Amino acid sequence: MSLNNSRGRLIGISRELQKEWQDTQSVWMDRKSKEFDRDYMQPLMDAVDNASHAMEDLDKLLRKLKEDCEVE
């Protein structure tokens, strides 16, 4: 599995999780729900976003390295 495919899978799974969390929030609306969102869900979504960007940058770098090695 390529890095780009893994990135796509990570994004897809995180979107599914975000949708499930939104559905859960429609029935779980107390203080603990807000704390859970703040302490766990938001940091997780931020980490996924950061990882996705890093994976994209790494994929570009690996493609460039491969091109450079094939030329010489």
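**Entry 1: S33.** I started at S33, which sits in helix 2, the run of residues 31-71. The model is a predicted one. Is S33 buried or exposed? I read a relative accessible area of 3% for S33, so I noted S33 as buried. I then looked up what S33 touches, setting aside neighbours within four places in sequence: the contacts are W21, Q25 and W28. W21 is itself among the buried residues of helix 1.

**Entry 2: D30.** I moved to D30, in the loop between helix 1 and helix 2. Which backbone nitrogen does the D30 side chain reach at 3.0 Å? I found that of S33. A polar atom of the D30 side chain also lies 3.2 Å from the backbone nitrogen of K32. D30 has a relative accessible area of 37%, so I put D30 down as partly exposed.

**Entry 3: helix 1.** I checked the span of helix 1, residues 3-25. Its 23 residues reach 33 Å from first C-alpha to last, close to the 33 Å expected at 1.5 Å a residue. I listed its buried residues as R7, I11, S14 and W21.

**Entry 4: salt bridges.** How many salt bridges are there? I have seven in the count. I went through several of them.

K19 pairs with D23, with the closest N and O atoms 2.9 Å apart. I located both in helix 1, four residues apart, about one turn of the helix. An α-helix has 3.6 residues a turn, so residues three or four places apart point the same way. K19 is partly exposed at 47% relative accessible area, and D23 is partly exposed at 38%.

R38 forms a salt bridge with D39, the closest N and O atoms being 2.9 Å apart. I noted R38 as exposed at 51% and D39 as partly exposed at 40%.

R63 bridges to D59, with 2.7 Å between the closest N and O atoms. Both lie in helix 2, four residues apart, about one turn of the helix. R63 has 47% relative accessibility and so counts as partly exposed. For D59 I read 12%; the cut-off for buried is under 20%, so D59 is buried. I also recorded one network, in which salt bridges with shared partners join R31, K32 and E35.

Entry 5: L58 is in helix 2.

Note on methods: Residues numbered from 1 in each chain as written. Predicted model: local features only at pLDDT ≥ 70, side-chain atom pairs only at ≥ 80, totals over all residues. Heavy atoms only, no water. Helix = DSSP H or I, 4+ residues; strand = E, 2+ residues; numbered from the N terminus. Buried < 20%, exposed > 50% of the residue type's maximum accessible area, 1.4 Å probe, protein only. Contact = heavy atoms within 4.5 Å. Expected span 1.5 Å × (residues − 1). Polar contact = N/O pair within 3.5 Å; in protein donor to acceptor, adjacent residues only side chain to side chain. Salt bridge = Lys/Arg side-chain N within 4 Å of Asp/Glu carboxyl O.
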